[in-house]
Amino acid sequence: MPDTRPVGWGIIGFGWVARDFAAPAIAAAGHRLVAVCDPGEAARAAAAATLPPDAIHATPEALLANPAVEAVYVATPNHLHRTAVELAAAAGKPVLCEKPMTATLAEAEAMAAAVQRSGMLYGTAFDQRHHPAHRAIRAALRDGLLGTVTTVRIVYACWLDANWSPTGEGDNWRVDPRRAGGGALMDLAPHGLDLVDFLLDEPLRDIAALTQHRVQDYAVDDGAVLLGRTASGVLATLHVAYNHPETLPRRRLEILGTRGLLVAENTMGQDAGGRVTFLDADTGEARPVPVPRPDLSPFTQQMAAFAEAVRSGESGGFSIARDLHTMRLLDRAYRAAENAACL
Ligand SMILES: NC(=O)c1ccc[n+]([C@@H]2O[C@H](COP(=O)([O-])OP(=O)(O)OC[C@H]3O[C@@H](n4cnc5c(N)ncnc54)[C@H](O)[C@@H]3O)[C@@H](O)[C@H]2O)c1
């Protein structure tokens, strides 16, 4: 019989994504949030709405000493992921860490080595793998709906100005190169790169990119276009941006094959929903693609999947080697963008 007991989760970094998405998802997946750690007063006050005072900590060390914590979710700004993950792994706790793994490739490599030495389960929180529409698309590709897949085209963009804040508190670490590791490319492209790997069962191998600093007044890129190719020859384009008006369509995934085109609108993001359409290359007809359980939240499914891996002792769909490859692609994309400048 599989062990289905609820997992006790601790969260390091109780900001926007942890409060609005991860904590509700832990409960919705049938598990328990048992502790939180955050140096911010506002974050700790928010945690006090659902947790007793002795479950709210100021440091990761205090949270990790709490025996009720069986798994850890890390949602600090990017430059703090490595310390939190390494502390959790050293304390013997499986750890699910937000994307990108870290702010730099060097940190990601060091973190991966430390996690692998610890033998602990690690996952990067690529929630879009768990979106029901993306699962349906993956199944359709495996069934051969598109014939030979030639191209994946992604637009994943938003508006993020210098003063942006999802919670109305804290400063905007996303526009600080040191804490974020980059701009729109670093923040948004990881989802697309991982999704290509998930949908095709094959990662991008080759990558090129151009970045822009076009609209927003900060040091990191506010837009980028990436070009990729898998080992078998599938091409991918990703347009990511922080300078895209949100009143315009801004989340689109297309997969083109010799027999047709799959178009997913508004499926990329933290929530369930969106729609998928198939355009038949033979007839020219467009028809909706049925998505089983379209209401399922990607975040809830992600927490359920990680907890299942914790209980089973198996890696499930999580792989630190795969996630490190995605970090290498991001790093190579930035270096390609730097080298592309025509002086
Ligand atoms: N998967 C997604 O769709 C998604 C969405 C949003 C954010 N994210 C990722 O989640 C992470 C957090 O993003 P956010 O938007 O929630 O940021 P945020 O600024 O809202 O929250 C970060 C929290 O970390 C806390 N913190 C700072 N230093 C800490 C420390 N040393 N120990 C513990 N906590 C500390 C801050 O006080 C803050 O409450 C980032 O890595 C981001 O890229 C992922």
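In this predicted model, a nitrogen atom of the ligand sits 2.9 Å from an N or O atom in the side chain of D127. With a cut-off of 3.5 Å for a pair of N or O atoms, this counts as a polar contact. Taken alone, the ligand would expose 840 Å², and the protein buries 86% of that area.

Oxygen atoms of the ligand also have partners in the protein. An oxygen atom of the ligand is 2.6 Å from a polar side-chain atom of D38. T76 takes part through its backbone instead: one of its backbone N or O atoms lies 3.3 Å from an oxygen atom of the ligand.

The next step is to look at the whole shell. The ligand is surrounded by 26 residues, where a residue belongs to the shell if one of its heavy atoms lies within 4 Å. The closest residues are W16, D38, N78, K99 and W173. Sorted by type, the shell holds 13 nonpolar, seven polar and six charged residues. Two helices each supply at least two residues of this shell: helix 1, residues 16-28, and helix 8, residues 184-200.

The strands of the model can be followed next. Strands of a sheet pair through backbone hydrogen bonds, and the pairing is either parallel or antiparallel.

V36 has I56 of strand 3 as its bridge partner.

Another open sheet has eight strands in the order 8-9-10-7-11-12-13-14, and here the pairing is mixed. Strand 8 (204-212) and strand 14 (286-288) are the edge strands, each pairing on one side only. On average, neighbouring strands of this sheet are turned by 15 degrees against each other, with direction ignored. Within the sheet, strand 7 (residues 149-157) and strand 10 (residues 235-241) pair in the parallel sense over seven bridges. A157 stands opposite A241 in strand 10.

Note on methods
Residues numbered from 1 in each chain as written. Predicted model: local features only at pLDDT ≥ 70, side-chain atom pairs only at ≥ 80, totals over all residues. Heavy atoms only, no water. Polar contact = N/O pair within 3.5 Å; in protein donor to acceptor, adjacent residues only side chain to side chain. Areas by Shrake-Rupley, 256 points an atom, 1.4 Å probe, with all protein chains shown as cover. Helix = DSSP H or I, 4+ residues; strand = E, 2+ residues; numbered from the N terminus. Nonpolar A, V, L, I, M, F, W, Y, C, P; charged D, E, K, R; others polar. Pairing = 2+ DSSP bridges. Axes fitted to C-alpha atoms, helices over the stretch in contact; angles between N-to-C directions.
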